[in-house]
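These are my notebook entries on a structure that I had not examined before. I set down what I looked up, entry by entry.

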Amino acid sequence: MDQYLKVVFPTRRLVWIDGVAAAWTNRVFQVETGHHIVTLGPSMKNFEPDHFDLHVTGTLPTAPLIIEFTRRDTDA
Amino acid sequence: MRHTALAWMLVAAMPLMSLGGCASFPETPKLERVDAASGYRYANLEDAGSGEDLFVILTFSGGGTRAAALSYGVLETLRDSWVEIDGERRNLLQEVDVISSVSGGSFTSAYYALQGDEIFEPGGRFQANFLYKNVEARLKGQLFNPYNWARLLSPTFGRIDIADEVYQDLLFDDADFGDLAARGRKPFLLINATDMAKGATFTFIQSQFDPLCADLNGVTLSRAVAASSNFPIAFTPLTLNSYPGRCDYREPTWVSSGLRDLDSNPRRYYRARSLRTYQAPERRYVHLLDGGVSDNIGLRLPLTALRSSDLPWSVLTRMNLEQIDKLVVIVVDAKTQQAPDFDTSPRAPGLTKVVSTISTTPMVNYSFDTVELLRQAMRTRADAQRASREQAPPGEAMHQVELYRIYVGFDQLEDETERKRYLSLPTTFDLPAEQVDDLRRIGGVLLERSPCFQSLVTGRYDEMACVHGGS
């Protein structure tokens, strides 16, 4: 029931899972098997996509699910 | 003449009968509006975020005074134990972050959470009024009091409400969770009972009360302890009011995610479904039984916190956020194991023995599996950390946490005579003083004998002893 996830972003940011700050970017971390809404901390909305709606299963600590947020220039 | 006497008795009994009609359990206060910044929640403790690098969880099992005394002995030993972290000497008892308890263990945990070190005062209130007191006689005295017979005629007042009053008088006065919240200090107390409708653990924390729109701040500690130690049949179920849909409650985001997990993670699915049932408008009451019915170790909720980010005080989240470097889980299990005598005879065991077997065996087996689940969870985490460390580039591997699993139970005793003696102690609220003394002592001895505990206090982490078993 333990799964492993890595959220890639150019800088170190808080990763929010199901509405709460739950991990850091660019580092493998453990999550519970199942569906999760994953996004980055809301302080700076300079990333896309807005969020991932994932079903996390079948991962390994050595083969985590890797998702990537890209930096988006904020509207001037 | 006989009719006259009967008439007079009836007249005399009428005030009592009418009093009985008035008796009711104390109403659970309504929560006007859910506010995450108030109420008894881990995040609202003043020291919530401090000292989490060493995160200590204690679990106290059920087992009447036997369990209360064993867990008391463990607290005494922690009070006298120290660890050194980054050159700083820290007291282990002060480092306890969470205590999760059931039934007999809840008396010790609740009193300590409320009164702190006062619990250790020789001849003090906890020792005099609970550990060394014949609480059972006090309970029976109240149950056989004619005044209470009248009150018990009321359909909304039961034997458990009398037990609540006794515990209030003996230990807790009118202290409530508002007092505990105002105290604002760890350990975070998890008193566990069983929701009779769902057969699931019900914990006295505000996040559990939110979907009920009930205010835990106004619930007394005595009531929580009574619910947790509400031995079925001896006592009646304990009732709480529920006011669903009347406090602007918004369910946590994980619930809608979890409701999609029936196939891949049914445990999470049922957790989500269970939380949602409290919002059903027709659920206006929650009836609680002894916490031991759903988990006699008090470990299930900490286990969830260890493997899921869904709980507001999730341990997994704190590990992922790199806040925890050492995680210590001390399981204090006062389980007993009576050697059956019926296998020496060809006669079928009698009804009492059959009833006893069918009522206790599932609980014992479930508790065993719960403790094994902790071993498995820690082993999986340790293996994952190692694999990740070996494979991922530096700085990208999983956060490395030292994991300490310490089990305190009578079956750890090596001496067979001693082991048998403890394993045959009865479950009661009345133990002789010398047995209470022995239990306090053996709680400390078992803790100190644990190779994992030694590895904690000496600062030489032994993963083999703490996670895998054996050294």
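**Entry 1**

I then looked up the strands concerned: β1 of chain A, residues 2-8, pairs with β8(A) in the parallel sense, over four bridges. I record here that the model is a predicted one.

I next asked which sheet holds these strands. They belong to an open sheet of three strands in chain A, ordered β4-β1-β8, and its pairing is mixed. The edges are taken by β4 (29-32) and β8 (65-68) of chain A; each has a single partner strand, so one side of each is left without a neighbour in the sheet. On average, neighbouring strands of this sheet are turned by 40° against each other, with direction ignored.

As background, I note that strands of a sheet pair through backbone hydrogen bonds, in either a parallel or an antiparallel manner.

**Entry 2: the four-stranded sheet of chain A**

I looked up a further open sheet in chain A, in which four strands follow the order β3-β2-β5-β7 with antiparallel pairing. Its edge strands are β3 (20-24) and β7 (52-56) of chain A, each with a single partner strand, so one side of each has no neighbour in the sheet. The twist from one strand to the next averages 40°.

Within this sheet I followed one pairing. Strand β5 of chain A, residues 34-40, runs antiparallel to β7(A), and five bridges link the two. At one position A:Ile37 is placed opposite A:Asp53 of β7(A).

**Entry 3: backbone exceptions**

Before this search I reminded myself that most residues other than glycine have a negative phi and that most peptide bonds are trans.

A:Pro49 is located in the loop between β6 (47-48) and β7 of chain A.

In chain B, a cis peptide bond joins B:Lys186 to B:Pro187, and its omega is about 10°. The loop that holds B:Pro187 runs between α8 (177-183) and β5 (188-195) of chain B.

I also looked up B:Asp86, a residue other than glycine with a positive phi, near 50°. B:Asp86 lies in the loop between β2 (82-85) and β3 (88-91) of chain B.

**Entry 4: where the chains meet**

How many residues does each chain give to the contact? I read 31 residues from chain B and 29 residues from chain A. Together the two chains bury about 2,600 Å², with 45% of this area on carbon and sulfur atoms.

I then looked up the polar side of the interface. Between chain B and chain A there are 21 residue pairs in polar contact, both residues being at pLDDT 80 or more. On the side of chain B that touches chain A, the elements giving two or more residues are α11 (253-258), α12 (266-277), α13 (300-307), α14 (315-320) and α15 (351-391) of chain B. The largest share of that side, six residues, comes from α15(B). By class, the side of chain B that touches chain A has nine nonpolar, 13 polar and nine charged residues.

**Entry 5: salt bridges**

Over all chains, the search of the whole structure gives 40 salt bridges. Across the interface of chain B and chain A, the rule finds eight.

I looked up two named pairs. The side chains of A:Asp2 and B:Arg307 form a salt bridge at 2.9 Å, N to O. A:Asp2 belongs to strand β1 of chain A and B:Arg307 to helix α13 of chain B, so this pair joins two chains. A:Arg12 and B:Glu322 also meet through their side chains in a salt bridge, at 3.2 Å from N to O.

Notes: Residues are numbered from 1 along each chain as its sequence is written. Chains are lettered from A and ligands numbered from 1 in the order in which they are written. This is a predicted model: local features need pLDDT of at least 70, side-chain atom pairs count only at pLDDT 80 or more; totals for chains, interfaces and linings use all residues. Side-chain values use heavy atoms; hydrogens and water are left out. Contact means heavy atoms within 4.5 Å. Buried area is the accessible area (1.4 Å probe) that two parts lose on being put together, summed over both. A salt bridge is a side-chain nitrogen of Lys or Arg within 4 Å of a carboxyl oxygen of Asp or Glu. A polar contact is a pair of N or O atoms within 3.5 Å; within protein, one must be able to donate a hydrogen and the other to accept it, and residues adjacent in sequence count only if both atoms are side-chain atoms. Ala, Val, Leu, Ile, Met, Phe, Trp, Tyr, Cys and Pro count as nonpolar, Asp, Glu, Lys and Arg as charged, and the others, Gly among them, as polar. Two strands pair if DSSP finds at least two bridges between them. Axes are lines fitted to C-alpha atoms, for helices over the stretch in contact, and angles run from 0 to 180 degrees between N-to-C directions.
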